[in-house]
Amino acid sequence: MSIAAILTAAGNGTRLGHLGPKAFVPVAGVPLLLRAARALLGAQADEDHIDQLVVTVPEGFVAHGSTLLSELSGQVDLWVVEGGPSRQASVAAGLATLHPAVDVVLVHDAARALAPPSLVARVIEAVRGGHGAVVPALPVVDTVKRVGPPGETGARPVVETPPRGELVSVQTPQGFDRSLLDRAHAAGAAGAGEEATAASDDASLVEALGEPVWVVPGDENAMKITTPADLACVERVLRGAA
């Protein structure tokens with residue numbers, strides 16, 4: 001079983017308060033991208049060995065990304081490629097570079113830079129156990145309501161309050177049988193041209209095929225870094241671990 005990981009790092013840092021790509025923003029002195037890549041490879045074991053790592057970066061940042069990740073070139077077959085106009089398109093660009101022998105694919109967001117190796121190993125184990133699509137997730141602790149369109153005042157009506165016990169908050173890395181993920185991206189390719197129509201994660205593309213997606217326990221440290229407050233939270237976590 002040959003394993004590849006696609007690490008998406010083509011997003012911008014606007015909501016994070018930075019002008020450049022989010023994945024190149026330093027956290028406690030180390031760029032998010034490098035932290036995320038180290039965590040992915042930290043799960044390495046004989047049975048969980050990641051053979052190929054494909055990193056998708058914004059246009060014009062391939063050389064920068066390659067230099068930043070050069071310390072990993074001795075651990076894994078490292079590829080740095082340009083992403084696309086959406087996350088879905090970036091993952092598709094990564095899929096196009098995978099070696100024919102790869103049959104398990106992890107897809108991970110560089111914004112979840114503290115995802116621990118144990119979480120990566122848990123996802124790989126579930127795919128190896130026969131589940132074609134696997135996502136890590138945490139239980140939802142807040143009450144969630146589905147709302148309708150805004151009225152004249154701008155307020156939005158509550159349409160439904162789903163049972164909280166049936167809801168989870170999905171993280172990455174997500175793991176897939178390579179042939180299933182290829183088929184899901186091919187079927188959903190028409191929407192990949194812009195974020196408004198693209199899938200927000202790869203599991204939803206698999207769901208659209210009518211194929212099952214399985215959930216394994218997530219990890220609180222695999223939080224997504226989107227805002228300056230998120231960045232400050234992660235830095236506090238790192239200081240506490242030092």
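The model is a predicted one, so to speak of local features takes a pLDDT of at least 70, side-chain atom pairs count only at pLDDT 80 or more, and totals for chains, interfaces and linings use all residues. Residues are numbered from 1 along each chain as its sequence is written, and side-chain values use heavy atoms, with hydrogens and water left out.

On to the overall build. The protein chain holds seven helices and twelve strands, where helices (H or I, at least four residues) and strands (E, at least two) are DSSP runs numbered from the N terminus. Its radius of gyration is 18 Å, which agrees with the value near 18 Å for a compact globule of 242 residues; the radius is taken over C-alpha atoms, and the globule rule is 2.2 Å times the number of residues to the power 0.38. Along the principal axes, the C-alpha atoms fill a box of roughly 60 × 40 × 35 Å. Of the 242 residues, 47% are buried (under 20% relative accessible area, with exposed meaning over 50% and partly exposed in between; 1.4 Å probe, protein chains only). Among contacts (heavy atoms within 4.5 Å) with a separation of 6 or more, 74% join residues 24 or more positions apart.

Next comes the inside. With neighbours within four places in sequence left aside, Val55 is in contact with Leu7, Ala9, Leu33, Leu69, Leu78, Trp79, Val80 and Val81.

Helix H3 (residues 87-95) is mostly covered, with seven of its nine residues buried. These are Arg87, Gln88, Ala89, Ser90, Val91, Gly94 and Leu95, and they pack against S1, S4, S6, helix H5 (178-187) and helix H6 (202-208).

Val127 sits in helix H4 and counts as buried because its relative accessibility is 7%. Not counting residues up to four places away in sequence, Val127 touches Val104, Val134, Gly175, Phe176 and Asp177. The C-alpha atoms of Val127 and Val104 are 7.4 Å apart, although 23 residues separate the two along the chain.

Two spots in the backbone deserve a mention. Thr172 and Pro173 are joined by a cis peptide bond, with omega at about 10 degrees; Pro173 lies in the loop between strands S10 (168-170) and S11 (174-177). Ala28, though not a glycine, has a positive phi of about 50 degrees. Ala28 belongs to the loop between strands S2 (26-27) and S3 (30-31) and is partly exposed, at 47% relative accessible area.
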